[in-house]
Amino acid sequence: MYLKSLAAALLGLSLAACAPAGRTELIPVEGDAAIGPADAKVTLVEYGSPTCPACKAWHDNFWPEVKRDYVDTGKIKFVFREFAIHGAIDAGIFAIARCAGAEEFYSVIDKAMERQEQIVTESSKGEAMTELNALGAEFRMSPEQVQSCINDRTIIRRINDVRADAQGKGIDSTPTFVLNGVVLASSDWRTIKPLIDAALTGGAIPEQPVDDGHDHAPGETH
């Protein structure tokens, strides 16, 4: 019995040693969570939601190229602005991303996109906090820390400010992109890419036509 107890205790210590340490404190990101050079000639802003199927499609199909060829090479600055178009579940994910800090903000968004179907499905069953706690645990946050992030008045104000900012620009759907201050009519990377390339060489961004049918995933409306 003693040997079995000792073995169990040693196994427990081994597992604890392998587990990531929890966060001793939370230092939320303030302002835009930007990546790429602060003084870049070109800034691309996405107003996005991690529970939006069209955002996930863009993220899966185009984001790797954008990051590899434009952000990581220092050509552009990229900003993901948290547009909580689907309400509380979006806001909760954004709160976790903020509390994860500047170095892991985009990793939280990536993980939420990856788990989008499960998050949305379980949230529809009333299990939103279960999913938010699971997401937070991926980034070493306890349930208490997740709740603290969700209740953080500064973060709540940030999310409300982004919504007001989007609405002030006439943005009412996700994903919507803004290139050097110009709201783009399409979220298709094949349309955005040449505009970025032109802007990098000093070209002006052409006036964008009114978008009567913004890009959505099948069946999605906002």
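The legends below describe close-up views of a predicted model.

**View 1. The largest nonpolar core and the surroundings of Phe80.** The largest nonpolar core holds 49 residues, and the members that touch the most others are Leu44, Ile76, Phe80, Leu179, Trp189 and Ile196. Helix H4, which spans residues 88-100, supplies the largest share of this core with eight residues. When neighbours within four places in sequence are left aside, the contacts of Phe80 are Ala33, Glu46, Gly48, Ser49, Phe94, Phe105, Tyr106, Ile109 and Met113.

**View 2. Glu82 and its two arginine partners.** Glu82 belongs to strand E3, which covers residues 76-82, and with a relative accessible area of 0% this residue is buried. The side chain of Glu82 is joined to that of Arg98 by a polar contact of 2.6 Å, and a polar contact of 3.0 Å links the side chain of Glu82 with the side chain of Arg158. Apart from neighbours within four places in sequence, the residues in contact with Glu82 are Gly48, Phe94, Arg98, Phe105, Arg158, Ile159 and Val162.

**View 3. The disulfide of Cys99 and Cys149.** The count of disulfides in the model comes to one, and this link is formed by Cys99 and Cys149, whose sulfur atoms lie 2.2 Å apart. The angle about the S-S bond is -130 degrees, and the link of Cys99 and Cys149 is left-handed. Because Cys99 lies in helix H4 and Cys149 in helix H8 (residues 143-151), the pair ties together parts that are 50 residues apart in sequence. Cys99 counts as buried at 3% relative accessibility, and Cys149 is likewise buried, with a relative accessible area of 0%.

**View 4. The buried side of helix H2.** Helix H2 runs over residues 53-61, and its buried residues are Ala54, Cys55, Trp58 and His59. These residues cover an arc of only 140 degrees around the axis, and they therefore sit on the same side of H2. An α-helix has 3.6 residues a turn, so residues three or four places apart point the same way. The elements against which the buried residues of H2 pack are strand E2 (42-48), helix H3 (63-71), helix H5 (105-114), strand E4 (176-179) and helix H10 (189-200). For Cys55, the relative accessible area is 0%, and Cys52 also counts as buried, at 0% relative accessibility.

View 5. The model contains eight aromatic pairs. In the pair of Trp63 and Tyr106, the ring centres are 6.3 Å apart and the planes meet at 15 degrees, so the pair is stacked, planes under 30 degrees apart being counted in this way. Since Trp63 lies in helix H3 and Tyr106 in helix H5, this pair ties together parts that are 43 residues apart in sequence. Both Trp63 and Tyr106 are buried, and together with Phe78 and Phe105 they form one aromatic cluster.

**View 6. Ile35 in strand E1.** Strand E1, residues 34-35, contains Ile35. From C-alpha to C-alpha, Ile35 and Glu103 are 9.5 Å apart in space, while 68 residues separate them in sequence.

Terms used
Residues numbered from 1 in each chain as written. Predicted model: local features only at pLDDT ≥ 70, side-chain atom pairs only at ≥ 80, totals over all residues. Heavy atoms only, no water. Core = buried A, V, L, I, M, F, W, Y, C linked by side-chain atoms within 4.5 Å. Buried < 20%, exposed > 50% of the residue type's maximum accessible area, 1.4 Å probe, protein only. Helix = DSSP H or I, 4+ residues; strand = E, 2+ residues; numbered from the N terminus. Contact = heavy atoms within 4.5 Å. Polar contact = N/O pair within 3.5 Å; in protein donor to acceptor, adjacent residues only side chain to side chain. Disulfide = S-S within 2.5 Å. Arc of directions from axis to C-beta. Phe/Tyr/Trp six-rings, centres within 6.5 Å; stacked < 30°, edge-to-face > 60°.
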